[in-house]
Amino acid sequence: MHHTKLAILGTFVVLSTGCASITSSEMQQLSLTTKGEDAKTIEGAKCKLQNDKGTWEASSPGFVNVHRSSEDLTVVCAKDGEKDGLLKAISRAAGGMWGNIIFGGGIGAIVDHNKGTGYNYPDALPVQMGSSVIVDRKTQDPTATASAK
């Protein structure tokens with residue numbers, strides 16, 4: 001009887017931490033904003049977002065759906081009269097990916113890695129025009145790396 005309870009509990013744990021491709025979408029919706037060097041919001045900047053899974057275009061401010069990937073996301077925004085803004089969004093493994101590695105024996109992790117569903121980008125992409133910025137889901141705070149162009 002004790003072994004049956006453990007087996008049921010073990011099955012529940014494995015299924016609840018399962019494959020990120022079951023629990024997550026291949027796409028992630030991100031918030032895109034642009035600010036000038038004076039920290040004021042800039043509207044209507046044209047932005048190009050790119051990773052190894054594709055390229056997307058959007059205007060700021062707004063939301064954009066991108067394909068999740070293990071690769072970082074590059075964002076370049078431009079608007080007449082403003083210096084271009086560059087942002088790099090760091091891709092991080094999602095919780096479902098760790099569940100696959102720990103409980104699933106790796107097969108689910110390989111599937112999630114290839115589909116991109118095992119990864120997340122930061123939810124907000126605050127592009128600073130005239131600068132190069134890195135955003136990381138771990139901190140959710142942008143870090144300006146250099147003044148650009």
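This briefing describes the disulfide, strand pairing, backbone features and salt bridges of the structure above. The model is a predicted one, and the residue numbers follow each chain from 1 as its sequence is written. One disulfide is counted, and it joins Cys-47 to Cys-77. The structure also holds three salt bridges, and an open sheet of three strands runs in the order β4-β1-β9.

**The disulfide and its surroundings**

- The sulfur atoms of Cys-47 and Cys-77 lie 2.0 Å apart in the disulfide, which links distant parts of the chain, since Cys-47 belongs to strand β2 (residues 46-51) and Cys-77 to strand β5 (residues 73-78), 30 residues apart.
- The torsion about the S-S bond of Cys-47 and Cys-77 is about 110°, and the disulfide is therefore right-handed.
- Cys-47 has a relative accessible area of 3% and is therefore buried, the cut-off for this class being under 20%.
- Cys-77 is likewise classed as buried, because its relative accessible area is 0%.

**Strand pairing around β5**

- Together β5 and β6 form a hairpin with six residues between them, and Gly-81 in the turn has a positive phi of about 85°.

**The open three-stranded sheet**

- The sheet with the order β4-β1-β9 is open and has mixed pairing; its edge strands are β4 and β9 (124-128), each of which pairs on one side only.
- From one strand to the next, the twist of this sheet averages 35°.
- Strands β1 and β9 pair in the parallel sense over five bridges, and the bridge partner of Ser-31 in β9 is Ala-124.

**Backbone features in the loops**

- The peptide bond that leads from Ser-60 to Pro-61 is cis, with omega near -10°, and Pro-61 is found in the loop between β3 (54-59) and β4 (62-67).
- Ala-39 has a positive phi of about 75°, although it is not a glycine, and this residue lies in the loop between β1 (27-35) and β2.
- The relative accessibility of Ala-39 is 48%, and Ala-39 therefore counts as partly exposed.

- Side chains of opposite charge can pair when their charged atoms come close.
- Glu-37 and Lys-83 meet through their side chains in a salt bridge, with an N to O distance of 3.9 Å. Because Glu-37 lies in the loop between β1 and β2 and Lys-83 in the loop between β5 and β6, the pair ties together parts that are 46 residues apart in sequence.
- Within this pair, Glu-37 counts as exposed at 53% relative accessibility, whereas Lys-83, with a relative accessible area of 39%, is partly exposed.
- Asp-72 and Lys-88 form a salt bridge in which the closest N and O atoms are 3.7 Å apart, and this pair links distant parts of the chain, with Asp-72 in the loop between β4 and β5 and Lys-88 in strand β6, 16 residues apart.
- Both partners count as partly exposed, Asp-72 at 26% relative accessibility and Lys-88 at 37%.
- Arg-92 forms a salt bridge with Asp-136, the closest N and O atoms being 2.5 Å apart; the pair links distant parts of the chain, with Arg-92 in strand β7 (residues 92-93) and Asp-136 in strand β10 (residues 131-136), 44 residues apart.
- Here Arg-92 counts as partly exposed at 27% relative accessibility, whereas Asp-136 is buried, with a relative accessible area of 13%.

How values were computed:
This is a predicted model: local features need pLDDT of at least 70, side-chain atom pairs count only at pLDDT 80 or more; totals for chains, interfaces and linings use all residues. Side-chain values use heavy atoms; hydrogens and water are left out. A disulfide is a pair of cysteine sulfur atoms within 2.5 Å. Helices (H or I, at least four residues) and strands (E, at least two) are DSSP runs, numbered from the N terminus. Buried means under 20% relative accessible area, exposed over 50%, partly exposed in between (1.4 Å probe, protein chains only). Two strands pair if DSSP finds at least two bridges between them. Axes are lines fitted to C-alpha atoms, for helices over the stretch in contact, and angles run from 0 to 180 degrees between N-to-C directions. A salt bridge is a side-chain nitrogen of Lys or Arg within 4 Å of a carboxyl oxygen of Asp or Glu.
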